[in-house]
Number of protein chains: 2
Amino acid sequence: MERAIPDIVVGRLPHYLRALQHMSLEGRRLTSSQELSERLGISAAQIRKDLSLFGEFGKQGTGYQIDYLLNQLRQILKVNQIWDIALVGAGDMGSAIARYQGFTDRGFRVVMIFDNDPSVIGSQIGPFTIQSTDELVVAIQSADVRIAMLAVPAANAQEVADMLVQAGIKSILNYAPISLNVPDDVHVQYIDPVIHLQRMTYYLE
Amino acid sequence: MERAIPDIVVGRLPHYLRALQHMSLEGRRLTSSQELSERLGISAAQIRKDLSLFGEFGKQGTGYQIDYLLNQLRQILKVNQIWDIALVGAGDMGSAIARYQGFTDRGFRVVMIFDNDPSVIGSQIGPFTIQSTDELVVAIQSADVRIAMLAVPAANAQEVADMLVQAGIKSILNYAPISLNVPDDVHVQYIDPVIHLQRMTYYLE
DNA sequence: CGCTAATTGTTAATGTTTGCACAATCGGGC
DNA sequence: GCCCGATTGTGCAAACATTAACAATTAGCG
């Protein structure tokens, strides 16, 4: 627990959490590193080693109690709470994200939506009124939101990212197909379907 | 070129390609491993080494010719052609994907859309008529499509994946928050925004 | 109660990836 | 034509990540 946890390990924890959450919903009580291994395609030794960096959560001969491990992981990843998210961009992708039902039971909820297109500002997506990006910095600051999702065209992404940083955002999930430039204390994750597709075409004939 | 290329290297190539494509659009002619490094947050030595696995594309003292390297990478990743994609799921996310304009100039296009909801089957998204999943296997087989995007609820994802495999699909981009079980010769890539978000909350206070 | 099969946490060995550093080479300027 | 600053490709060393293997422990069963 003292030594820093490698990024690559942190990146696997959400996968463990997701698998455990499914098992818990299926009404299961116990699992093992081997079962997780089969479900996730990650070796059992690796799963045990990853978890052991944070504590001893299992029992020899028995395995892991699903609900217990689930809670431990939620605590480690700090999703034993609901994080508020600001969404920027209310186009096709932004709207789909805003309507997505899968956030709440995994620790997140969208609480504000921004766009710069006057023809959509003021309209509703579910319970939210789309606000102007002019209000973005102040709105995010006063609501003390720390996480944002960016679903604007590539051409505007850096500019919006700059505003988000100014507003105090510390984590950005970027759907625009462009690398963002942000200070060291701001984390960025990228979602670009084409990157994944191109990675797979390499292996096609 | 003889030895197998590590997966991790293949995974970086699309990022190089994307950056180069931007530079080319900006009208630039030349770049260097150092410039790419700054734009991508990947060390210059690593970029040079990755590229050197496929050939010698640069010139000492000068750097890389953007358009030349671009074409080389397109060939390596096999996106010097347009790949047809089958999209399964015409809900919020599926519709947003179907309307996304960013595929074509990066090597892909959606050519068919399926859903199992009778109330949407037959309706149009852009130029496409949504087909029943009953027709999926035959339609994909006869059109010889090799890549699919999966945007259905988690509960149906495995079942649809099985159909896709049966239809001869070799690459699946899965938007459902669940690990898929497929034969070894089928590649799967995952897009789950919550995984990325949870990875970032670890670093928040 | 003692045996068996299962399974963890951990150590040591192995394998992979990254970074450093530099010779080689290029183009431009004088 | 020669020098200088820039920049590549690469060999080697260091850092990092994964796997294998096993002692320790557990639950269940007869």
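Colleague: Which helices and strands each supply at least two residues of the surface near DNA strand D?
Modeller: In this predicted model, they are α1 (7-25) and α3 (44-52) from chain A, joined by α3 (44-52), β2 (58-59) and β3 (63-65) from chain B. Helices (H or I, at least four residues) and strands (E, at least two) are DSSP runs, numbered from the N terminus, and a residue is near a strand if one of its heavy atoms lies within 4 Å of it. Residues are numbered from 1 along each chain as its sequence is written, while chains are lettered from A and ligands numbered from 1 in the order in which they are written. Local features need pLDDT of at least 70 and side-chain atom pairs count only at pLDDT 80 or more, although totals for chains, interfaces and linings use all residues, and side-chain values use heavy atoms, with hydrogens and water left out.

Colleague: And what supplies the largest share of that surface near DNA strand D?
Modeller: That is α3(A), with four residues.

Colleague: What does Tyr64(B) have 2.6 Å from its side chain?
Modeller: An N or O atom in the side chain of Tyr64(B) is 2.6 Å from a phosphate oxygen of DNA strand D.

Colleague: What does Arg106(A) form a salt bridge with?
Modeller: Its partner is Asp192(B), and the closest N and O atoms are 2.9 Å apart. The pair crosses between chains, from the loop between α5 (92-99) and β5 (108-115) of chain A to the loop between β10 (187-190) and α8 (193-201) of chain B.

Colleague: Is Arg106(A) buried or exposed?
Modeller: Arg106(A) is buried, at 9% relative accessibility, and Asp192(B) is buried as well, at 4%; buried means under 20% relative accessible area, exposed over 50% and partly exposed in between (1.4 Å probe, protein chains only).

Colleague: What about Asp192(A), which residue does that one form a salt bridge with?
Modeller: Asp192(A) pairs with Arg18(B), with the closest N and O atoms 2.8 Å apart, and both residues are buried.

Notes
Polar contact = N/O pair within 3.5 Å; in protein donor to acceptor, adjacent residues only side chain to side chain. Salt bridge = Lys/Arg side-chain N within 4 Å of Asp/Glu carboxyl O.
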